Amino acid sequence: MSQQAVKVGLIGLGTVGQGVIRVLQKNAEEIARRVGRPVQVTHASARDLGRPRDTDLAGITLVADALSLAREADIDVLVEVVGGQTVAKDAILAALARGKPVVTANKALLAENGNGIFAAAAEAGVPVAFEASVAGGIPIIKAIREGLAGNRIDSLAGIINGTCNYILSQMTVKGQSFADALADAQKLGYAEADPTFDVEGVDAAHKLSILASIAFGMPLSFPAVACEGITKVTAQDIQIAQTLGYRIKLLGIAKRSAAGVELRVHPTLIPDDQLLAKVDGVLNSVLVQGNAVGQVGFYGRGAGGDATASAVVADLVDVARGLGAEAHRHVPALAFQPAAVQALNLLPISAIESCYYLRLRVADEPGVLKGLTGILAEHDISIEAILQKEPRGDDDATVALITDRVAEQRFDAALAAIQALPFVREGAARIRVEHFKD
Ligand SMILES: NC(=O)c1ccc[n+]([C@@H]2O[C@H](COP(=O)([O-])OP(=O)(O)OC[C@H]3O[C@@H](n4cnc5c(N)ncnc54)[C@H](O)[C@@H]3O)[C@@H](O)[C@H]2O)c1
Ligand SMILES: N[C@@H](CCO)C(=O)O
Ligand code: NA
């Protein structure tokens, strides 16, 4: 067994980059036993090389810029944990062009540019590994691509943004404000460089497009993901949902049926006795429905330096074991052979069916419930639960209800008619409701 180390070039020495160095150092012996030889970061590049860091950089050659590292350094594999589009993409393509495999945690880059990057990797005959890009430390990519390869996957759904789950959990359990919970998530290293990607659902949409591709064998289709974040979820809705027996979570959902594929990210009420409702803090969880295995669930830390590094290092182990192997021996990037990846019919959100939570501010006067239920009945929408709260201080009351399943278009038509009622005030909240099999 050759003892020459596998030489890793690392670009980005932030939360994840430093985690990768720590995990490779901490578990060096176990990793060498798994690979057959040591795996070491030999070159690294950061925007500010002089910045003091807690991580031990002894023995690592610091290179002034990321592109030089990718192009010129004597490395066997490039790890990209810079984030963003420009430098990350140029460095990855430069490494691939030189026949170097790549490991990346960059879901934004893959969601936007993955089809081109995977084509370049196929051309170069080397892998691009991306386990850390979805659900942090949970080995969800490997599980879907390899562990569930015997199934036709019909759907998947899950909590795939740690920052949003942390914020919603803190608001629900500790009564913390949205702004304070977000600031904590940033301090803990969970949030993206631009946290609007997290709270507006964009990061979850990036991840969902990656999961859908490897589950259904379709090209990355990020622009087709219907995306709503958590910025409009209020403490009042969280509290009413709890009273009705639900928790609010940001979910990513991908489903395929004869009609086509639905891809959506949005806040969702989930019955509080179901698995996903109990996943709190930075934890992520993904449920996958396969036609042979049934439902499989995955659960673990979705963000943070060491948890994400766990996935990056697992990819490094895979890549290191396969160095020099013929290209056809690599697991295909999108789980299906490139020629078998097929564009599928993507459904607009208006065609999608779900149950709805609706919360309204209404005048405290007789006939309100009759007016509301009348309009829902006219649109053939049944009500599962309804709750009325007397006014406190001002003249308005609150009505909240949960509907049966209905197509979005029909629900929106009913909502427009409800909002036109003279006793309904501005500021309705409407959140989708999903029930999962445990
Ligand atoms: N933090 C997490 O929990 C987490 C989890 C999964 C995936 N990711 C992904 O991992 C990547 C890195 O995230 P992070 O949280 O470590 O971010 P970060 O901001 O902590 O680190 C990024 C580092 O890259 C450096 N950098 C920026 N431009 C550079 C350049 N041109 N050359 C060299 N270095 C440069 C920055 O100075 C920073 O230190 C992102 O793609 C992110 O989406 C993060
Ligand atoms: N910002 C991301 C990092 C992990 O991908 C999250 O909060 O889930
Ligand atoms: Na993962």
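Predicted model: local features only at pLDDT ≥ 70, side-chain atom pairs only at ≥ 80, totals over all residues.

Tutor: Residues are numbered from 1 along each chain as its sequence is written, and chains are lettered from A and ligands numbered from 1 in the order in which they are written.

Student: How many helices and strands does the chain have?

Tutor: Helices (H or I, at least four residues) and strands (E, at least two) are DSSP runs, numbered from the N terminus. Here there are 14 helices and 17 strands. The radius of gyration, taken over C-alpha atoms, is compared with the globule rule, 2.2 Å times the number of residues to the power 0.38. The chain has 24 Å, close to the 22 Å that the rule gives for 438 residues, so the chain is as compact as a globular protein of that length.

Student: Which residues of α4 are buried?

Tutor: A residue is buried if 20 or more other C-beta atoms, placed from the backbone, lie within 10 Å of its own. In α4 these are Ala88, Ala91, Ile92, Ala95 and Leu96. Because they cover an arc of only 130° around the axis (from the directions of the C-beta atoms), they lie on the same side of α4.

Student: What do the buried residues of α4 pack against?

Tutor: Contact requires C-beta atoms, placed from the backbone, within 7 Å. The partners are β1 (6-11), α3 (66-72), β4 (77-80), β5 (102-104) and α5 (107-124).

Conventions: Buried ≥ 20, exposed ≤ 12 C-beta atoms within 10 Å, placed from the backbone. Contact = placed C-beta atoms within 7 Å.
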